[in-house]
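I am opening a notebook on a structure that is new to me. The entries record what I looked up, in the order I looked.

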Amino acid sequence: MSKRETILDVENLRVYFHTKKGDSKAVDGNHFRMYEKETLAIVGESGCGKSVTAMSILGLVSEPGEIMPGSKILYTGNDYNLDLATASIDDKRKVRGNEISMIFQEPMTALNPVFTVGDQIEENIRIHEDVSSEECRKRAIELLGKVGISRPEQVIDNYPFQLSGGMCQRVMIAMALSCNPKLLIADEPTTALDVTIQAQILKLMNELKDETGTSIMLITHDLGVVAQVADWVNVMYAGKVVESADVRELFTNPKHPYTLGLMASMPSLAQNGARLNVIEGTVPNPVYLPEGCYFADRCTKCQARCLKGQPPVIEMPNGHTVSCFLYDGNENEELDEADRRTVAEVLAMLNKDSADEAFDDEKTVIIDIDKDQTDGSGGDR
Amino acid sequence: MFKYIVKRLLTSIPVLLIITMVIFGVVKAMPGDELTAYLGPGTKVTQEIKEETRAKLGLDKSVPEQYVRWMGRLLSGDLGTSFTLKKPVGEVIGTYVWNSFLLNIVAMLLGLALAIPVGIRQAVKKGSAEDNFWTVFSLLGISVPTFFFGMLLIYFVGMNVSWIPISGMRDSMMASFGYPGGIMQEIGDVAVHMILPVIVLTFSEFATFSRYVRNSMVEVINQDYVRTARAKGLKEKTVIYKHAFKNAQIPLVTLLGMYIPSLFSGATILESVFVWPGIGKVLIDSINQRDTSLTTACLVFSAVLMILGNLLSDVCYSLVDPRVKVDG
């Protein structure tokens with residue numbers, strides 16, 4: 001493998017939403033690196049902080065969210081050396097849509113309904129480059145052709161409502177690629193599309209990556225998609241990366257109980273008629289995170305020590321990291337009867353607390369829902 | 001488009017027919033008729049002559065019969081004669097309508113010019129103290145009746161600031177004897193007379209428009225395409241004023257389309273308060289003096305404008321929203 005050049009270095013990223021009931025820790029100490037010409041997949045279920053991570057890279061986290069001090073999002077592509085966590089809005093604007101661009105989950109709503117497709121693509125080019133309007137239009141048509149739209153000369157004057165969802169997503173991709181970005185963030189780009197279109201879009205993204213050398217950060221909850229396009233995978237849970245590995249490594253040798261659970265809950269054609277596995281329970285409320293491992297209450301391999309503190313990050317061969325007590329070298333004894341009771345009691349207490357408080361004040365509940373919508377983490381609607 | 005407009009106009013004929021019936025019926029239901037009002041109390045005209053004149057004017061016929069005769073004249077373009085102003089009704093409307101228009105267009109433009117930036121600011125800073133302030137301010141504007149606010153202004157401003165006239169459209173001396181300073185002086189004179197009524201009207205129009213702007217902006221400001229616009233690296237101003245506001249305009253245009261014709265029909269009560277010689281004041285005066293032909297004509301005129309307004313707003317809608325197409 002040739003030398004991998006870092007283009008984005010995220011360290012200790014914390015994004016908190018300040019709510020009435022306290023800080024909601026949407027992302028809490030996320031860290032990862034992105035390399036040139038590679039695809040990083042970020043996997044996790046709803047509300048685990050995938051989208052918020054992506055949004056914070058472009059500085060699109062809106063009130064009451066805040067990228068907490070101490071976070072670092074260092075962009076080093078194209079000889080830049082810019083910490084996006086602390087950069088001024090003008091610096092960020094130069095990067096947005098130009099160096100780093102983004103495609104969103106719902107192509108039909110992500111395009112402005114009252115402007116033509118061409119207007120919207122050309123606008124992106126014109127902000128960042130000084131080109132004439134004919135040149136701009138020519139490039140837009142070219143881009144539309146490149147993303148596999150037939151008759152681009154006509155489609156360019158269409159409004160989004162005249163196109164199908166798949167076409168709209170192609171337009172979004174064309175728009176995102178219009179300034180040859182170093183990094184393309186794709187926030188669940190295929191979730192809103194039907195399966196055949198999904199495959200086409202993924203294929204297209206793969207081709208374009210090879211052709212343009214753009215790195216892709218793919219946010220998804222679909223492990224099938226990950227297997228198709230990713231080079232490296234980060235599994236997130238409750239605002240933290242719990243496992244990070246090369247895609248082959250992850251699929252052949254998953255370590256974290258959460259990853260194992262995700263794999264087990266993928267439907268498979270081989271196991272015909274069997275009941276689908278699920279991970280019991282739900283993601284903890286990010287306002288009331290437990291003291292111990294966040295996954296403890298749903299983990300099938302929970303130990304007594306899992307409830308007492310945060311798991312360490314364990315390094316494994318090939319850059320594979322996992323943050324779980326199971327691999328910390330200490331003896332893993334099954335919980336005995338007494339331990340089990342303690343675990344159950346602690347968990348019941350935790351759940352009761354947060355449930356009680358949630359019912360205390362209905363307003364808070366509403367605000368939390370609002371927050372979920374505005375921060376975009378409600379990714380799997 | 002043309003076909004659509006023609007079709008809409010044709011379908012509004014029955015609507016208009018019903019409206020004229022209602023108007024005519026209501027006006028005829030008023031106690032007293034033109035003749036008694038014209039002659040006034042203590043008249044020496046004998047009962048006999050009155051009956052004779054009534055028969056001559058057709059006032060002795062039944063209301064439906066009178067309606068048919070009136071309709072017939074209306075269709076031939078004859079709106080009747082105003083006996084109080086001693087002029088054909090058509091001419092009266094043609095003169096006074098422009099006074100109303102002048103007052104209303106200035107107030108509407110001022111109201112819009114203030115309401116758009118304020119409404120957008122409110123939406124951007126939704127829930128802030130500033131937003132709440134403007135909300136209360138515009139609720140006042142909507143709920144305080146214009147005549148009340150107008151009278152307050154007359155009392156507190158007009159009475160204390162000598163150069164602001166409290167009524168009329170022109171200085172009565174110069175209006176009768178001509179303006180020595182020429183056209184510029186006339187314009188200035190009308191402008192100072194407009195100050196108070198325009199303040200009142202602008203306040204109420206600002207209130208309505210700013211509510212609309214705020215609410216439709218709030219609706220679009222959290223849409224995905226606004227986030228997309230930000231992700232492109234656009235300036236926040238462009239994001240708000242171009243991408244968000246273009247979408248928020250859609251309901252606004254509907255409102256404006258309805259509004260434009262009402263510019264001509266006048267602010268009925270306010271014009272009376274400020275003795276502004278517009279259509280609204282003509283209407284009120286004609287009712288008080290039982291000048292029925294003028295009253296009915298004014299009301300029919302308003303009804304026609306209302307129908308045109310609806311049509312206009314539908315047409316405008318299709319101009320701002322590419323998803324809406326009008327066709328026959």
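**Entry 1: ground rules.** I noted that this is a predicted model, in which local features need pLDDT of at least 70 and side-chain atom pairs count only at pLDDT 80 or more, while totals for chains, interfaces and linings use all residues. Residues are numbered from 1 along each chain as its sequence is written, and chains are lettered from A and ligands numbered from 1 in the order in which they are written.

**Entry 2: the two chains.** I looked up the helices and strands, which are DSSP runs numbered from the N terminus (helices are H or I with at least four residues, strands are E with at least two). Chain A has 13 helices and 13 strands. Chain B has 14 helices and 2 strands.

I then looked up burial. A residue is buried if 20 or more other C-beta atoms lie within 10 Å of its own, exposed if 12 or fewer, and partly exposed in between, with C-beta atoms placed from the backbone. Of the 381 residues in chain A, 44% are buried. For chain B, 32% of 328 residues count as buried. The C-alpha trace of chain B spans about 85 × 55 × 35 Å along its principal axes.

Contacts came next; two residues are in contact if their C-beta atoms, placed from the backbone, lie within 7 Å. In chain A, residues 24 or more positions apart account for 66% of the contacts with a separation of 6 or more. In chain B, 75% of the contacts between residues at least 6 apart in sequence join residues at least 24 apart.

**Entry 3: where the chains meet.** I found 19 residues of chain B in contact with 24 residues of chain A. On the chain B side, the elements giving two or more residues are helix H10 (224-231) and helix H11 (236-265). H10(B) has the largest share, 7 residues. By class, this side of chain B has 5 nonpolar, 6 polar and 8 charged residues. Here Ala, Val, Leu, Ile, Met, Phe, Trp, Tyr, Cys and Pro count as nonpolar, Asp, Glu, Lys and Arg as charged, and the others, Gly among them, as polar.

**Entry 4: domains of chain B.** The domain bounds come from an automatic or database domain assignment. That assignment gives domain 1 (15-87) and domain 2 (89-320) of chain B. Their C-alpha centres lie 34 Å apart. The contact takes 20 residues from domain 1 of chain B and 19 residues from domain 2 of chain B. On the domain 1 side, helix H1 (2-29), helix H2 (34-39) and strand S1 (81-82) of chain B each give two or more residues. H1(B) supplies the largest share of that side, 7 residues. By class, the side of domain 1 has 11 nonpolar, 6 polar and 3 charged residues.

**Entry 5: the largest core.** A nonpolar core is a set of buried Ala, Val, Leu, Ile, Met, Phe, Trp, Tyr and Cys residues joined through C-beta atoms within 7 Å. The largest has 149 residues, and Met172(A) and Met217(A) have the most contacts inside it. H5(B) gives the most to this core, 13 residues. I listed the contacts of Met217(A) beyond four places in sequence; among them are Met34(A), Leu40(A), Leu183(A) and Ile185(A).

**Entry 6: helix H6 of chain B.** Which residues of H6(B) are buried? They are Trp134(B), Ser138(B) and Gly141(B). Seen down the helix axis, they fall within an arc of 45° (taken from the directions from the axis to the C-beta atoms), so they line one face of H6(B). On the other side, Ala129(B), Phe133(B), Val136(B), Leu139(B) and Ser143(B) are exposed. Helix H5 (89-124) and helix H9 (182-221) of chain B are included in what covers the buried residues.

**Entry 7: single residues.** Glu188(A) is not a glycine, yet has a positive phi of about 45°. Glu188(A) lies in the loop between strand S8 (183-187) and helix H8 (195-212) of chain A. Glu188(A) counts as buried because 24 C-beta neighbours lie inside 10 Å.

Arg290(B), also not a glycine, has a positive phi of about 55°. Most residues other than glycine have a negative phi.
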